[in-house]
Structure formats: C-alpha cells, structure tokens
Amino acid sequence: QETIFLPKIRKISDQVYNCDISSPEKFTQFPMVKDPYEDFFVQIGKSNFDKAGDGLFAKVDIELGTVIAFYNGVRVMAETDTDRPTPYKISLDDDFDLDIPDEFTSTSKYTATLAHKVCHSFKPNCEVDDFFHPRFGQIRCIAALQDIEKGDEITINYREEESDSVASSLTSEVQP
C-alpha cells in the first residue's frame, strides 16, 4: 500500500514580503524587515574577536552545507573605486559588487540581511556562495563548512574572498 505525504503548512507571521532588488541608486525599501529563514539560524551578538564589535552567532545547531545568512547591498560597478574605502564591498558577479552604505552598517538601521556582521578567521566555519533570494534577487550567502553548534560565532576567511573585495584591507586575524 502506498502512502501519500501531505505537508503541514502554518503561518509564521503576518509580515508581507515584497520583491526588493537593489540597484546602483537604491538599496532597500524595507531595511528593518528581517529575513525569516536567516532569522531562524543566526543572531547578532558581541563578537569573541578583539576590536571586532558585532558578530554573527548560531541560534540553533547547524549542519554542514546549510545556507544560514544573506548578504545584500547596493549594486556598484565591479572593479571601480568608490568615494570611500569600504570593508563591506563583496563581489556579486562580473559586472557588479554589493556594498552596504555607511548609514546601514548598524543593526539599528538595517537588519534585512545579516551576513555583513560575519567576522574573519583563518580557520572559518563558513564560506561565501552565490544565492538567488526570492526577495533580493541574485546576492551572496553564508553557508556552513562544518557542523556548527548553537552559540558558536559564524566566521569566514576574508582572504579567500579578497579577490572578491571582501574587507581586503584586513590582513591579519583578530584574536578572540
């Protein structure tokens, strides 16, 4: 006898989500509307690394390969100098980079995506990858390189992303 499985569907919030793809002129219409998937996995906290400020931490146990956070930003032409040096610029594709405007680097002004709060480690537990997001379109994401326990700080190796412009000004690991 065959069994037919039926999904159980439940409403998780009354929040309405709209397509909100950035451009060179526009970052986001809803900077404080959190991504519910990302919100399940991670939260902001004081980093364990000296002088790092905020860090990103696992809210639950996370399995290897799981996408856990997103990196959205203003789309800027790739390989062009900006008016200011920025630790938040990351390569998107051959044509565009993503960058977080200065006024949105604080979580008091922007929580729609949180990957810009991930700290550097030469022994990271995550990596940056490409992602097509239903709200933000083509962006970058953070995916687990190993199993991560609830409470662990999320880290990536900025040097591996240096060709992608991720905080290329950082050259040494900040010590926890």
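**Close-up 1. A salt bridge between Lys 11 and Asp 14.** In this predicted model, the side chains of Asp 14 and Lys 11 form a salt bridge in which the closest N and O atoms are 2.7 Å apart. Asp 14 counts as exposed, because its relative accessibility is 65%, and Lys 11 counts as exposed as well, with a relative accessibility of 64%. Side chains of opposite charge can pair when their charged atoms come close.

**Close-up 2. A salt bridge between Lys 117 and Asp 54.** The side chains of Lys 117 and Asp 54 meet in a salt bridge, with a distance of 3.4 Å from N to O. This pair links distant parts of the chain, since Lys 117 belongs to the loop between β6 and β7 (119–120), whereas Asp 54 belongs to strand β2 (residues 54–58), and the two are 63 residues apart. Lys 117 counts as buried, because its relative accessibility is 10%, while Asp 54, at 31% relative accessibility, counts as partly exposed.

**Close-up 3. The open sheet of β3, β9 and β8.** Three strands make up an open sheet in the order β3-β9-β8, and their pairing is antiparallel. Strands β3 (67–71) and β8 (126–133) stand at the edges, and because each has a single partner strand, one side of each is left without a neighbour in the sheet. On average, and with direction ignored, neighbouring strands of this sheet are turned by 35° against each other. Strand β3 and strand β9 (residues 137–144) run antiparallel and are joined by four bridges. In a regular strand the side chains alternate between the two faces of the sheet.

**Close-up 4. Tyr 71 and its surroundings.** Tyr 71 lies in strand β3, and its bridge partner in β9 is Arg 140. With a relative accessible area of 8%, Tyr 71 is buried, because the cut-off for that class is under 20%. A polar atom of the Tyr 71 side chain lies 2.2 Å from the backbone oxygen of Tyr 88. When neighbours within four places in sequence are left aside, the residues in contact with Tyr 71 include Tyr 88, Lys 89, Ile 90, Leu 98, Ile 100 and Ile 139. Between Tyr 71 and Asp 130 there are 59 residues of separation in sequence, and their C-alpha atoms are 9.6 Å apart in space.

Close-up 5. The side chains of Asp 130 and Arg 140 meet in a salt bridge, at 3.2 Å from N to O. Asp 130 sits in strand β8 and Arg 140 in strand β9, ten residues apart, and the pair links distant parts of the chain. Asp 130 is partly exposed, with a relative accessible area of 43%, whereas Arg 140 counts as buried at 7% relative accessibility.

**Close-up 6. Strands β4, β5 and β6.** Strand β4 (residues 74–77) and strand β6 (residues 96–99) run antiparallel and are joined by four bridges, and within this pairing Arg 75 stands opposite Leu 98 in β6. Strand β5 (residues 90–91) also pairs with β6 in the antiparallel sense, over two bridges, with Ser 91 standing opposite Asp 97 in β6. A hairpin of four residues connects β5 to β6.

**Close-up 7. The buried residue Asp 20.** Asp 20 is placed in the segment before α1 (36–41), and it counts as buried because its relative accessibility is 0%. The side chain of Asp 20 makes a polar contact with the side chain of Thr 28, at 2.3 Å, and a polar atom of the Asp 20 side chain lies 3.1 Å from the backbone nitrogen of Gln 29. With neighbours within four places in sequence left aside, Asp 20 is in contact with residues including Lys 26, Phe 30, Arg 135 and Phe 136.

**Close-up 8. Confidence along the chain.** The mean pLDDT of the chain is 88, and 87% of its residues reach 70 or more. Over residues 162–176, however, the pLDDT is below 50, although this stretch has 33 contacts in the model beyond near neighbours in sequence. Where pLDDT is low, the predicted coordinates should not be read in detail.

How values were computed. Residues are numbered from 1 along each chain as its sequence is written. This is a predicted model: local features need pLDDT of at least 70, side-chain atom pairs count only at pLDDT 80 or more; totals for chains, interfaces and linings use all residues. Side-chain values use heavy atoms; hydrogens and water are left out. pLDDT is the predictor's confidence in each residue, from 0 to 100. Contact means heavy atoms within 4.5 Å. Two strands pair if DSSP finds at least two bridges between them. Axes are lines fitted to C-alpha atoms, for helices over the stretch in contact, and angles run from 0 to 180 degrees between N-to-C directions. Buried means under 20% relative accessible area, exposed over 50%, partly exposed in between (1.4 Å probe, protein chains only). A polar contact is a pair of N or O atoms within 3.5 Å; within protein, one must be able to donate a hydrogen and the other to accept it, and residues adjacent in sequence count only if both atoms are side-chain atoms. A salt bridge is a side-chain nitrogen of Lys or Arg within 4 Å of a carboxyl oxygen of Asp or Glu.
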